[in-house]
Amino acid sequence: MSASTHEAAAVSTSGFEVPPAVHRAAQVLAGVGLGILVAGLAIARERALTSLLTSGFYFLCLGLGGAVFLALMYVANAGWFTVFKRIPEAFAAYVPWGAVTILALLPFVSTLYPWAKPGVMETDHLLHEKAAFLNVPFFAVRMVVMLALWVGFTWMLRRISLRQDAERSLELAGRNVTVSAVFLVLFSLTFCLAAFDWLMTLEPHWFSTIYALYNIAGLLSSTVCAITVTAILLHRAGALPQLNTSHLHDLGKLMFGFATLWAYLWFSQFLLIWYANIPEETVYFVTRLHGTWAVAFYVNVALNWALPFVLLLPRPAKRNPSHLLRVAAILLVGRWLDLYLMVVPGGQPDGVALGVFELAGFVGMAALFTLAVTRTVRSTPMVPVGDPYLVESLHHHT
């Protein structure tokens, strides 16, 4: 047995024991948060549903982003991330749970989406032209098919990874690359369609050709932040002793890069619409640049790009765990605000209204996400001992 094999074999093969108090707290918060949303269907239906859509999509993106992160690493033959590979895998385990939260919106399509309201298609000439695409049965079929594809591919990626631990087969590493390549192509198409369907059609007269890529940038940015936070917390808890400053440095570079990509796409979308000044396009930003929405609009740019850009520029900043936690928290809050600005103003143009339903939606979904992730990290070894890139990752230095 080689020295490298001995080193890989010495890695702990146990899962992480989540404190029972954390698990119980997540169960309570999930029950209370989602219970308030259910009660909200009778008290303030539209606010409860927009909260469910905003936070449901936010955490579904984190789960789906975990699978996308894995797939990108696999097709790039990257080895540096292997030490913390179980984290994005655990995120991906949330996708079936997240799919259920999105499917829960289907009975209330006519409340959320103007095009689904009875009689609107017949009286609105512009929407009538889109009736072949914007109709409830076809919308529901698209949603089910997209969610089923995501659940299927995340399950396959997870299954192959676990088989690698048991069989130590190089053939499975090649299969990961193949499955990941197919998944990335299908993800690109389906996620773009999901962004159009679930978010952009909330204001069906408005459109943007950059909108889908903009949402992909947000997904990547928030996912890397969540992976960074989880990796640092697990390292501090003693579950990931192999994590080093070079791993953190690379995660910090990805945080910086994806935040800048988000800003580039945000600015491209805003500038082109502002310069063209076409009424059916500018109406989207007119609403968001008046009243309290204007404050949220500019805070959004500060949280998602300006602050992280400045805070992550120095090299030492990207190697400091405490600093990375603070910046990641800023970006994660910014991502939720970004989605809130996409979802809510169309149906609530008078101004920002943050209250119990918005808080309940976020807390309930966050607790549900925590339950899914902790359930996964408890049941499998924290380090993938059968991955052929493990030794490379253990010696990762930049």
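Mentor: Start with Arg 86, which is buried, with a relative accessible area of 2%. Buried means under 20% relative accessible area, exposed over 50%, and partly exposed in between (1.4 Å probe, protein chains only). This is a predicted model, in which local features need pLDDT of at least 70 and side-chain atom pairs count only at pLDDT 80 or more, while totals for chains, interfaces and linings use all residues. Residues are numbered from 1 along each chain as its sequence is written, and side-chain values use heavy atoms, with hydrogens and water left out.

Trainee: Which side chain does Arg 86 meet in a salt bridge?

Mentor: A salt bridge is a side-chain nitrogen of Lys or Arg within 4 Å of a carboxyl oxygen of Asp or Glu. Here the partner of Arg 86 is Glu 89, at 2.8 Å from N to O. Glu 89 is buried too, with a relative accessible area of 2%. Both residues belong to helix α4 (residues 86-92), three residues apart, about one turn of the helix. Helices are DSSP runs of H or I, at least four residues, numbered from the N terminus.

Trainee: How many salt bridges does a search of the whole structure find?

Mentor: Eleven. One of them joins Arg 142 and Asp 197, with the closest N and O atoms 2.6 Å apart. Arg 142 lies in helix α9 and Asp 197 in helix α10 (residues 170-199), so this pair ties together parts that are 55 residues apart in sequence. Arg 142 has a relative accessible area of 6% and is buried; Asp 197 is buried at 0%.

Trainee: Where do Arg 163 and Glu 167 lie?

Mentor: Both are in helix α9, four residues apart, about one turn of the helix. Arg 163 is partly exposed at 24% relative accessible area, and Glu 167 is partly exposed at 44%. Salt bridges that share partners also join Arg 86, Glu 89, Arg 158 and Asp 165 into one network.

Trainee: Is Arg 158 buried or exposed?

Mentor: Arg 158 is buried, with a relative accessible area of 15%. Its place is in helix α9 (residues 136-167). Leaving aside residues up to four places away in sequence, Arg 158 touches Arg 86, Glu 89, Thr 376, Ser 379 and Thr 380, where contact means heavy atoms within 4.5 Å.

Trainee: How many cavities of 30 Å³ or more does a search of the whole structure find?

Mentor: Rolling a probe the size of a water molecule over the atoms shows where empty space is left. On a 1 Å grid over the protein atoms alone, a cavity is a set of points where a 1.4 Å probe fits but cannot get out, and lining residues have an atom within 4 Å of a point. The search finds two cavities.

Trainee: What is the volume of the second largest cavity?

Mentor: About 40 Å³. Among the residues lining the second largest cavity are Gly 218, Trp 262, Asn 304 and Arg 335. Helix α11 gives the most to this lining, with three residues.

Note on methods
Helices (H or I, at least four residues) and strands (E, at least two) are DSSP runs, numbered from the N terminus. On a 1 Å grid over the protein atoms alone, a cavity is a set of points where a 1.4 Å probe fits but cannot get out, and a pocket is an open set with protein on both sides within 12 Å along at least five of seven lines; lining residues have an atom within 4 Å of a point. Grid points are joined across faces, edges and corners, and a volume is the space filled by probe spheres set on the points.
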